[in-house]
Amino acid sequence: MNLVRRSFERGAKAAARFTGHPLCFGLAVAVVLAWVVSGPVFGYSDTWQLVINTGTTIVTFLMVFLIQNSQNRDSAAVQIKLDELIRATRAAENALLDLEELDEDALERFRKRYEDLACKARDEAKRRGGGKRHSFRGEEPRDEASRGEAADADR
């Protein structure tokens with residue numbers, strides 16, 4: 001990794017940590033209050049207004065890139081973790097490992113396939129339970145066989 005990229009990543013991580021800290025919010029409030037209080041001193045001039053407009057525009061512009069970088073890193077980390085869970089689960093379908101790299105048509109085919117599986121599983125649950133809805137609080141835990149039925153039905 002080159003020096004510029006490494007420096008950017010270190011700076012972006014540090015800036016993201018700092019801007020997400022309550023101290024940074026307090027500093028931003030203090031700057032705005034100082035600006036408001038200084039209004040009468042500068043006669044609420046055009047320059048006085050331009051200072052806050054320019055400052056907030058610059059900060060907003062830079063924060064867009066900082067937030068995007070942070071979201072990209074977080075998304076990539078979550079995707080890698082999900083890929084590892086899919087890879088490590090014996091009954092999982094490994095074709096899903098790089099799903100985020102597929103085009104829209106392929107994603108839509110996968111989405112439809114899993115929507116159909118979910119529909120079949122709900123129909124089967126209604127048939128077995130007489131349409132009764134169960135809580136997720138452990139009232140009737142699913143056994144190992146029922147967890148894999150939807151996946152087995154598709155294979």
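1. Tyr44 counts as partly exposed, at 48% relative accessibility; the class covers what falls between buried (under 20% relative accessible area) and exposed (over 50%), with a 1.4 Å probe and protein chains only. Tyr44 is found in the loop between α2 and α3. Its phi is near 50°, a positive value in a residue other than glycine.

2. On provenance: this is a predicted model, in which local features need pLDDT of at least 70 and side-chain atom pairs count only at pLDDT 80 or more, while totals for chains, interfaces and linings use all residues. Residues are numbered from 1 along each chain as its sequence is written, and side-chain values use heavy atoms, with hydrogens and water left out.

3. The protein chain has 5 helices and 0 strands, in the order α-α-α-α-α along the sequence. Helices (H or I, at least four residues) and strands (E, at least two) are DSSP runs, numbered from the N terminus. Of the 155 residues, 12% count as buried. Among contacts (heavy atoms within 4.5 Å) between residues at least 6 apart in sequence, 30% join residues at least 24 apart.

4. Two packed helices are described by the angle between their axes and the distance between the axes. Helix α1 (residues 3-19) packs against helix α3 (residues 46-88) at an angle of about 100°, with the axes 10 Å apart. That makes α1 roughly perpendicular to α3. Axes are lines fitted to C-alpha atoms, for helices over the stretch in contact, and angles run from 0 to 180 degrees between N-to-C directions. Angles under 35 degrees count as roughly parallel, over 145 as roughly antiparallel, 65 to 115 as roughly perpendicular and the rest as oblique.

5. On the α1 side, the contact with α3 is made by Phe8, Ala12, Lys13, Ala15, Ala16 and Thr19. Helix α3 contributes Met63, Leu66, Asn69 and Arg73. By class, this contact has 6 nonpolar, 2 polar and 2 charged residues. Here Ala, Val, Leu, Ile, Met, Phe, Trp, Tyr, Cys and Pro count as nonpolar, Asp, Glu, Lys and Arg as charged, and the others, Gly among them, as polar.

6. Ser38 also sits in the loop between α2 (22-37) and α3. Ser38 counts as buried, at 17% relative accessibility. A polar atom of the Ser38 side chain lies 2.8 Å from the backbone oxygen of Trp35.

7. Asp98 lies in the loop between α3 and α4 (104-129) and is partly exposed, at 40% relative accessibility. Asp98 and Ile80 are 18 residues apart in sequence, and their C-alpha atoms are 9.4 Å apart in space.

8. The cysteines: the structure holds 0 disulfides, a disulfide being a pair of cysteine sulfur atoms within 2.5 Å. Cys24 counts as buried at 16% relative accessibility, whereas Cys119 is partly exposed, with a relative accessible area of 35%.

How values were computed: A polar contact is a pair of N or O atoms within 3.5 Å; within protein, one must be able to donate a hydrogen and the other to accept it, and residues adjacent in sequence count only if both atoms are side-chain atoms.
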